[in-house]
Amino acid sequence: MSQLVFDPSKVMSIDHTKRTEYLDGLEAIRAAHKVLKEIAYTPSLPDKGYTNRSLYVNVDTLEIKEKPVTQQMKDVFIGGRGFGLYHLWNAVKPTTRWNDPENEIIISPGPVSGMTQYAGTGKSLVVSLSPQTDIPIDSNVGGFYGPLLKFSGFDALELQGKSEKDIILFIDGQKGIIRIEEAPTDPVDSHVLAEILTHMYAENEADLPNISVVSTGAAAEHSLIGMLNFSFYDRRRKCVRFKQAGRGGIGTVFRNKRIRALVIRGPKVAGDMNHPADPETIAKTGIKYHKEIRENDPHQCMMRRNGTAHIVEIMDAYDLLPVHNFQFGSHPDVHKIDSSYWQQRCTQVTVDGCWYGCSMACAKGADGLTVQTGPYKGHLVSVDGPEYENAAGLGSNCGVFDPDYLLELNFYCDTYGICTITYGTLTAFVMECYQRGILNRERTGGLEMTWGNAKDDLEMMHQMARGEGFGKIAGMGVKKMKEYFIQQGWGDAQLINDIGMENKGLEYSQYMSKESLAQQGGYALTNKGPQHDEAWLIFMDMVNKQLPTFEDKAEALYYFPLFRTWFGLNGFCKLPWNDVVPANNSEQPEAHKVPEHVQNYVDLFSATTGIKISKEDLIMQSAKVYNFQRVFNIRMGKGLRLHDAAPYRSLGPVTKEEYESRAERYDQQIITEMGLDPAGNTTEEKMAMHRQWRTGRFSQLMDAVYTRRGWTLDGVPTLARLQELGLDAFPEVVEVVKQHL
Amino acid sequence: MRQLVIDFQKCDAGRNCDHECEMECAIKVFKVDDPAQAALQIKAYEEGGGHAILCDQCGDCVVVCPTEALKRNKLGVVMIDKKICVGCYMCIGFCEKEAFMRNSDWITPHKCTSCGICVKVCPHGALSMVEVPEPAPRIL
Ligand code: SF4
Ligand code: SF4
Ligand code: SF4
Ligand code: SF4
């Protein structure tokens, strides 16, 4: 792995202000809007990070009301994901499913969110019951909606009910108006819709950055994998851009409620709108961090140049990049889609933070793509990213190494409103099923789902958006596809289950965990399902080798999920924590925790809220919410050991080709790890040895992690643990747990 | 573009002057009675000579400003529009010369406007305004 050098002369010259415009129909669309309900309210700014008000909207009854944010909510749940889970718990019953009217979508920015002086401080958290997992899903998303919601007066927005007509919820935080409008003729797909709505609700050009739109697209209506696009206005590009609340199908819930869009018009942002307790500390910490980015990022991750795509080649070099549905960890064509390509292809003269003050600026964008297929064929568009997950998921995992196709897949995922990670993993599964004869042309209705066939891949996505053909089946996600294929008798059940990369109903994100026990747990022992944001340990484990022992791995699976949960309570982005580190970080004790940055977070929280906390308090704050979420899962019928099971593909080699492609490594492990002799055994026998060893090791890890987390061996938080966290103050929580002890 | 420069052959780094440049800048330009808030800072070295923190109007801060609050005016001088600024301080963090300033009492930062006031008050004639070509924006 060599350190890439940035060469500005190689950056493609593409006009980043040029793209197809969609404003022609604006007036007609506006005229068709009908006000269903309008109320006046008094906007307010936060005090020490909290507005202390929460907004409830029922899209069926059109009820709009304010709820107070109580001291208990702040003490136990902090904000963001915590507030989302709290509201959701109160809204649903154990029998509630994603498409019941009582299911909610909650958006909450968290107390620190909206700070402008530190990198990664504009996030909001979206929580709902997932159509894929039937348990709460939470998604940490950028864009301006969350901060502008708070600066308009609300720490959280709860959306409940199901409308009969397509509606838009408009909050005007400048004028103090909340309005529900019927939106009968609005366009469906995000890149068109959000551009029109941003211009429709902005009063003039200077007002454009004060508007943010939450929307999804056509595929969210016909699949279970819909996501939400949170917009922000890009002043350099002069266009509306998006960050995605991707995982778990919240976009599908959104459309099931017949919400077309949420639009906010916030006040003009200034640097002190959170009214923090100690602005001086925030200013100093922020400036220190910006300097660190300036000095270190060019020699470390080059996030400002490449965004998260900087790790494509690193993952490939360490055999950790998912290739062909997580069968292999590297591919000779990866150089076509690695960061040396993306830093030429992405526009480099822009300011790519998804909120003000993000000096890490990973939200890169590739401009000037002419779309080749589908309803926007011939349009000139800008595509966000691609991020690592998209390059790996839509790219290498499906064998697609043509960057233009990769961008087009990324573009359509975004505008159709589907999660790129989910789409990548489910398509990789479809392609492997095709390779192994579980699927064929007849079963896919003519789609030739061979590795790297981006044309048919795109056609499957267009079908998903139209709600037709095999695309509709694929849109159910891996779990339901597995059940369907098995029920149709299309293949061996064990093979289908082994290669279908999902846990709890959610598709794996894009890291090969086979050789990283820590990441196996980091995926399967999560609350919401296998998404790396809870425990991205693969880099620490496999690249930096910071978790050498079994105990280190188990401890990491205690600490990091809690540490990372905390970002989502407060409205922080995770990337600025360790995608750049102080120059002397490696000399610090517990370097893998990046201690100086942890201290920054402690300071930023204390300086915002005026509540002095320590590093240990930070973990305690998360532990409350994390364990609450675990109990919530149990309440909804998941969240036990059996639901933390991992598909074997994530633990070890399922097929002969997989084994034989890395035979030397696997044979060696039989000697060193199992103390056996591989000589004279067939590949099948050696695979069986591995299976026994790997599943046994994973089970041991579960025991160790559960114990460390204060859970029973069935994965249930003990009463003692609940007491320690103060969760025994909620009798309903105790009740759920008692049934499983 | 108009650029403030210093000649350390002439500047005595405050040994035989009262930092008139800083004081005048603070009072006249930023309306504060505190030389630490001036857009230029002159530091003396113990061994003689000195070091100046001066904005050379390089434009790096313009490149990183997320709101386009920083723009060059007709003279090529980088000016801040406080109405647009969101106080993110990326300009401060990315200024290699450490010439973007912050006053704890203000939410928006401040910088040199190449106004020339300091030039006029320097008793040693060490400061001057020069006209230099505007550099191309850097990719940061
Ligand atoms: S690091 Fe990237 S994702 Fe995080 S806040 Fe900054 S721009 Fe957004
Ligand atoms: S303040 Fe700094 S970055 Fe901005 S123009 Fe002056 S020297 Fe350059
Ligand atoms: S503090 Fe103001 S002028 Fe400086 S970069 Fe941020 S928005 Fe621009
Ligand atoms: S040129 Fe004007 S703004 Fe700049 S340092 Fe001198 S007095 Fe201050």
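Predicted model: local features only at pLDDT ≥ 70, side-chain atom pairs only at ≥ 80, totals over all residues.
User: What area is buried between chain A and chain B?

Analyst: About 2300 Å². Carbon and sulfur atoms give 58% of that area.

User: Which residues in chain A lose the most area to chain B?

Analyst: R235(A), R236(A) and R294(A). Together they account for 25% of what the chain A side buries.

User: How many salt bridges are there between chain A and chain B?

Analyst: The count is three. One of these pairs is R102(B) with E280(A), with the closest N and O atoms 2.7 Å apart.

User: Is R236(A) buried or exposed?

Analyst: R236(A) is buried, at 14% relative accessible area. E68(B) counts as partly exposed, because its relative accessibility is 22% and the cut-off for buried is under 20%.

User: Switching to charge pairs inside chain A. What do the side chains of R241(A) and D352(A) meet in?

Analyst: A salt bridge, 3.0 Å from N to O. The pair links distant parts of the chain, 111 residues apart. R241(A) is in strand β12 of chain A, and D352(A) is in the loop between α11 and β14 (365-370).

User: Are those two buried or exposed?

Analyst: R241(A) is buried, with a relative accessible area of 3%. D352(A) counts as buried too, at 1% relative accessibility.

User: How far apart are N and O in the salt bridge of K364(A) with D352(A)?

Analyst: 3.0 Å. Both K364(A) and D352(A) lie in the loop between α11 and β14 of chain A, so this pair ties together parts that are 12 residues apart in sequence. K364(A) counts as buried, at 4% relative accessibility.

User: Which residues do salt bridges that share partners join into one network?

Analyst: R19(A), D234(A), R237(A), R241(A), D352(A), K364(A), D367(A) and D384(A). Over all chains, the salt bridge count comes to 67.

User: Ligands now. What is around ligand 2?

Analyst: C55(B), D56(B), Q57(B), C58(B), G59(B), D60(B), C61(B), C95(B), K97(B), F100(B) and K111(B). That shell divides into five nonpolar, two polar and four charged residues.

User: And which residues surround ligand 3?

Analyst: Among them are C65(B), C85(B), C88(B) and C91(B), along with I80(B), Y89(B) and P109(B). By class, the ligand 3 shell has 10 nonpolar, two polar and no charged residues.

User: Next, N325(A). Where is N325(A) found?

Analyst: In the loop between α10 (312-317) and α11 (339-345) of chain A. N325(A) counts as buried, at 0% relative accessibility.

User: What lies 3.0 Å from a polar atom of the side chain of N325(A)?

Analyst: The backbone oxygen of I499(A). Beyond its neighbours within four places in sequence, N325(A) is in contact with residues including N397(A), F429(A), W451(A), M501(A) and R649(A).

User: Last one, V77(B). Buried or exposed?

Analyst: Buried, with a relative accessible area of 1%. V77(B) is in the loop between β4 and β5 (78-80) of chain B.

User: What is V77(B) in contact with, leaving aside neighbours within four places in sequence?

Analyst: R2(B), Q57(B), K71(B), R72(B), C112(B), T113(B) and S114(B). Of these, Q57(B) is also one of the residues around ligand 2.

How values were computed
Residues numbered from 1 in each chain as written. Chains lettered and ligands numbered in written order. Heavy atoms only, no water. Buried area = accessible area lost by both parts, 1.4 Å probe. Salt bridge = Lys/Arg side-chain N within 4 Å of Asp/Glu carboxyl O. Near = heavy atom within 4 Å. Nonpolar A, V, L, I, M, F, W, Y, C, P; charged D, E, K, R; others polar. Helix = DSSP H or I, 4+ residues; strand = E, 2+ residues; numbered from the N terminus. Buried < 20%, exposed > 50% of the residue type's maximum accessible area, 1.4 Å probe, protein only. Polar contact = N/O pair within 3.5 Å; in protein donor to acceptor, adjacent residues only side chain to side chain. Contact = heavy atoms within 4.5 Å.
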